[in-house]
Amino acid sequence: MSLPVHAQREGGSDRGPSSPFHPVDINHPTHIALVEPDTAFWGLVARDRLDETLAGGPLLETWRAKAADFAREMDMLRFHLKPSAVYFNATERCNLNCSYCYIPSDMRRGGTQMDRDRLLAALETLHGYFRGHMPADRLPQVIFHGAEPMLARDAIFAGIEAFKDRFRFGVQTNATLLDEEAIAFLTGHGVGIGLSLDGPTARIADRTRQRWNGDGVFDHVVRAIERLDGYPGFNVICTMTEENLPHLTQLVDFFHEKRVPACMLNVTRCTQPGARGLKGDDKAVSDAFLAALERTHTLYRETGRKLVVANFANILIAILAPTARRLMCDISPCGGGRSFFALAPDGALFPCSEFIGLDTFVGGNLFTDRIDDVLESAPFRKVIDRKVEDIEGCDVCPIRHFCGSPCPAEAHEMNGGMHRKGAFCAFYEEQVRYAMRLIADGRHQDFLWDGWDEGTEVACAIGA
Amino acid sequence: MSNSTTVKTEAQPETRRPDVIAIRKTCDAEGTGLSHYVLMDKQVKR
């Protein structure tokens, strides 16, 4: 994080020489944050009580008593997980040509695709791998991803049917091939379904998500959303670009009206050059994103029904309960190659889907290599070993474990190396400030899905 | 529907909040998701 987040203590220096806490101005009228970066432990303190809080009291006492536990927890989260999910690309092909896609267009036009037998063999191998280290009561996850997975529908559905008791399945689709029969199969098997939609009207949504002939697909996605009404396991992803930033609050209204239970408002990942011209600058993205979050809160207050923005919820959870986070992009090292990996149709294994299309990041092949060896391959280690302590700027940033400096693919391709930041440093700063303001105001639960903390234990609750 | 992107004034709490707030919960780490797919609930009920 750049220096503006560091607040000067009123009438004093940054912090006392022996204090572990870094002051962070969260732009709140009464409270300021104190963060101990390495353990990701924090407190929100009334500005007029800052000096005495730094001198002693419950915050400092809690940190002294539990810092070692917190450090162990962060070490486990960051360095000792084993994969429990695979992003399974059964096809390289796609019937759309979205302007920011991270998969090269020649692959999407005519790439390879798994047949049924090949897909079943892949699932068998994956099952054997996951069972080697995962507890019996926890199912590994397979997310069919793309390109457009529904182009390999028959093979994928055969895989889901054959392995329905051995994996939890999800599918991320552009919705153009989701007919009633497909939806009945997927919902009947409890498959998570992710759709993609970038705007509340065809005019906006179709600017970035089009068929190869330029036709939009807005109507297909809306039809699928309406068919999925009431299914708890569906959600919609919007990629924020310069094309839709002025319309994000309207999109939130649209999702809420359509009873979408959760969405993501994702930044444009700039791994491929085509995405970089669309990404929007940090301030424009932050302003639109925070306005959209506030709109979800207004809608919740008015209707009693939440529309959870999952990527922001994950930042909130990273602050409240670091080990309870679901998404692993916003932690360093990221989840690529260590809590999940990606499989291409020819069997090639990548640390993450974001690297598909970058041949130098192939770590091996599912059909010829041992997965454990692939995880230790040089291309995987390049991602697994990327950590904020080695990135200039992040190394002194107090919120480095709430952000994680995503994304390594973006940093490598756009900014010149693994030890560079990604594209949206200031946007992540603003998200963390906003999340802490919500906590300071006692509004944070309104932005999280009910039951998010089931299975957690309270390690600290001061003023909560 | 509004299409404004201006950050609205955030609602303020009606009562004074505690001088010190700190929350930390803990559990076994099971995070498995990347930003290309929403991964929230631990299990979709069939």
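Modeller: Start with burial: a residue counts as buried under 20% relative accessible area, as exposed over 50%, and as partly exposed in between. Keep in mind that this is a predicted model.

Colleague: Is Lys306(A) buried or exposed?

Modeller: Lys306(A) has a relative accessibility of 18%, so this lysine counts as buried. Its salt-bridge partner is Asp450(A), with N and O 2.9 Å apart. Asp450(A) lies in the loop between α17 (425-441) and β14 of chain A, and Lys306(A) in the loop between α11 (282-303) and β10 of chain A, so the pair ties together parts that are 144 residues apart in sequence. Asp450(A) reaches 65% relative accessibility and therefore counts as exposed.

Colleague: What is the general idea behind such pairs?

Modeller: Side chains of opposite charge can pair when their charged atoms come close. Over all chains, the structure holds 33 salt bridges. Another one links Glu161(A) and Lys164(A), at 2.8 Å from N to O. Glu161(A) is partly exposed, at a relative accessible area of 34%, and Lys164(A) is also partly exposed, at 29%.

Colleague: How many salt bridges cross the interface of chain A and chain B?

Modeller: The rule finds 4 across that interface. Glu73(A) and Arg24(B) meet in a salt bridge of 2.8 Å, N to O. Asp453(A) forms a salt bridge with Lys25(B), with the closest N and O atoms 2.5 Å apart. Asp453(A) lies in the loop between α17 and β14 of chain A, whereas Lys25(B) is in strand β1 of chain B, so the pair joins two chains. Asp453(A) is partly exposed at 22% relative accessibility, and Lys25(B) is buried at 16%.

Colleague: How should I read the size of an interface?

Modeller: The size of an interface is often given as the accessible area lost when the parts come together. Here chain A and chain B bury about 6,200 Å² between them, and 54% of that is on carbon and sulfur atoms. The contact takes 101 residues from chain A and 42 residues from chain B.

Colleague: What does chain B itself look like in these terms?

Modeller: Chain B has 46 residues, and buried residues make up 46% of them. The chain exposes about 2,600 Å², with carbon and sulfur atoms supplying 48%. Its secondary structure consists of 0 helices and 1 strand.

Colleague: What is the order of the open sheet with 10 strands?

Modeller: The order is β10-β9-β8-β7-β6-β5-β4-β11-β12-β13 in chain A, and the pairing is mixed. The edge strands are β10 (308-309) and β13 (364-365) of chain A, each pairing on one side only. Strand β9 (residues 262-267) of chain A runs parallel to β10(A) and is joined to β10(A) by 2 bridges. In that pair, Ala262(A) stands opposite Val308(A).

Colleague: And where do helices meet this sheet?

Modeller: Helix α4 (residues 116-131) of chain A lies across β4 (85-89), β5 (141-145), β6 (168-172) and β11 (340-343) of chain A, at about 170 degrees to β4(A). Helix α5 (residues 153-162) of chain A is mostly covered, with 7 of its 10 residues buried. Among them are Ile156(A), Phe157(A) and Ile160(A). The buried residues of α5(A) pack against α4, β5, β6 and α6 (180-188) of chain A.

Conventions
Residues numbered from 1 in each chain as written. Chains lettered and ligands numbered in written order. Predicted model: local features only at pLDDT ≥ 70, side-chain atom pairs only at ≥ 80, totals over all residues. Heavy atoms only, no water. Pairing = 2+ DSSP bridges. Helix = DSSP H or I, 4+ residues; strand = E, 2+ residues; numbered from the N terminus. Contact = heavy atoms within 4.5 Å. Axes fitted to C-alpha atoms, helices over the stretch in contact; angles between N-to-C directions. Buried < 20%, exposed > 50% of the residue type's maximum accessible area, 1.4 Å probe, protein only. Areas by Shrake-Rupley, 256 points an atom, 1.4 Å probe, with all protein chains shown as cover. Buried area = accessible area lost by both parts, 1.4 Å probe. Salt bridge = Lys/Arg side-chain N within 4 Å of Asp/Glu carboxyl O.
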